[in-house]
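Subject: Structure handover

Dear colleague,

Here is the structure I said I would pass on. My notes on it follow below.

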Amino acid sequence: MKYSFYLLLFLFTFSLSAQEKGGGMEFVEKPFEELLAQAKAEDKVIFIDAYTTWCGPCKMMAAKIFPDATVGTVYNERFINAKFDMEKGEGPALARRYNVVAYPTYLFVDGNGDIVHKGLGYIPQDKFLALADVAVSDNNLGALNARYKAGERSPEFVKMYAQTLTDVYEQERAGEVISVYLDSEKDWSSPEIMTMILDNPGEPGDKRMIYLVEHADAAIKTAGSASYMMTMQRSLITKYMRDAGVRALPPAEKMETVYTKWAAPIRGRLMAHYGMLHAEQSRDMDAYVPAALAYFNAYPSEDAYELDKAAWSIFENSEDMAALKVALTWAIKSVELEESYNSLDTLARLYDKVGNRAKAVETAKKAIVIAKEAGVPYEDTEELLKEK
């Protein structure tokens, strides 16, 4: 039997509607108070995409993540999904109520209007699904708040709680939690406590920052030199910018004054590192190459990531054979410390650039094997295998 035109049209429309309905997240358009009432009635949590119209990551989430079928299945089943422009309608009041200061922020709110969990920024599909899992788990922000209020203070719990607060952009609260905990501890030298301090170092002059300055070697051993140096630089550069009322990276002589006042024992290392950092951030690679060579000559690194990053930068931006050969030694050491696709790829490219084709091909093949195992794209590395 043949369907009539109108029946076909109906079936097509219904099918399309069903695909759209099951094809991604469904957002409810209601006033916030009505959402709270619905959440109470259905015993569900509200997911709120707190966005702005000018926010790039907000647009990426709306285009790439929210329409995903798997994301839709999970979020539609578990939550009442809503969107609020933080600059219109109820948005500004919600931003004040829930301390939304960056976009996009994701709020998980219960029927009483209390925060259950939060997320921030562009989040890939797998991590966005993981965020949903945490939001309904015993480790969500609301549950951790309750456990802390009830008096739980084990180092493992405090670390997890502070990290969660940091992840959801509540650094001030994270700092308070860590500060209270550290005041109760006489010995801060354990890797657990050192990591906690590095994650939330506070401002220059705080006890935590003073400790990191005075125990630089131990902190570097715990976190690696790349993480340690960037932790210190962020705190000190932010201090200068806030006090000076500027937003651009200052010249080195300005930072030397800051280092002398707040971090004198490691001033030399900070200055050498800042020369490299400033050149990189300014995209001045003519200055970056000699700065990187000077820094690593003065402060040899045992950090695989730091070495690989610097070696790659010189590979990309220098044709000087002497500099390339030094970068090659960094790349070799990076692979020795931690063999990964990225480090092997950098090493292969440097071998190729200094003219050692046999080593370049051998290393590229190793990188490709690791990439295949990890499911990482490796097409660019394959180019090294082609005859020139």
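Tyr259 is a buried residue, with a relative accessible area of 0%. Please keep in mind that this is a predicted model. Tyr274 is buried too, at 1% relative accessibility. The ring centres of Tyr259 and Tyr274 are 6.4 Å apart and their planes meet at 75 degrees, so the pair counts as edge-to-face, the cut-off for that class being over 60 degrees. Tyr259 belongs to helix 14 (residues 252-262) and Tyr274 to helix 15 (residues 267-281), so the pair ties together parts that are 15 residues apart in sequence.

Tyr295 and Phe296 are both buried. In total, the structure holds 22 aromatic pairs.

Some of the aromatic residues also group together. One aromatic cluster is formed by Phe27, Phe47, Phe66, Tyr75, Phe79, Tyr106, Phe108 and Phe128. Phe27 has a charged neighbour as well: Lys83 lies over the face of its ring, 4.8 Å from the ring centre. The charged end of Lys83 also sits over the ring of Tyr51, at 5.4 Å from the centre of that ring.

On to the nonpolar cores. The largest nonpolar core has 73 residues, and those touching the most other members are Tyr228, Met232, Leu236, Ile314 and Trp330. Leaving aside residues up to four places away in sequence, Met232 touches Met209, Leu212, Val213, Ile266 and Leu270. Another core, of 19 residues, lies apart from the largest one and has Val45, Phe66, Val116 and Ala135 among its members.

Last, the pockets. The largest pocket has a volume of about 680 Å³. Its lining is made up of 27 residues, and Gln171, Asp199, Asn200, Pro201 and Gly202 lie nearest the centre of the pocket. Which helices supply at least two residues each of the lining of the largest pocket? They are helix 9 (171-183), helix 10 (191-199), helix 12 (216-223) and helix 13 (225-244). Helix 13 gives the largest share of this lining, with seven residues.

Regards

Notes: Residues are numbered from 1 along each chain as its sequence is written. This is a predicted model: local features need pLDDT of at least 70, side-chain atom pairs count only at pLDDT 80 or more; totals for chains, interfaces and linings use all residues. Side-chain values use heavy atoms; hydrogens and water are left out. Rings of Phe, Tyr and Trp (its six-membered ring) pair if their centres lie within 6.5 Å; planes under 30 degrees apart count as stacked, over 60 as edge-to-face and the rest as tilted. Helices (H or I, at least four residues) and strands (E, at least two) are DSSP runs, numbered from the N terminus. Buried means under 20% relative accessible area, exposed over 50%, partly exposed in between (1.4 Å probe, protein chains only). A charge sits over a ring if NZ of Lys or CZ of Arg is within 6 Å of the ring centre and within 35 degrees of the ring normal. A nonpolar core is a set of buried Ala, Val, Leu, Ile, Met, Phe, Trp, Tyr and Cys residues joined through side-chain atoms within 4.5 Å. Contact means heavy atoms within 4.5 Å. On a 1 Å grid over the protein atoms alone, a cavity is a set of points where a 1.4 Å probe fits but cannot get out, and a pocket is an open set with protein on both sides within 12 Å along at least five of seven lines; lining residues have an atom within 4 Å of a point. Grid points are joined across faces, edges and corners, and a volume is the space filled by probe spheres set on the points.
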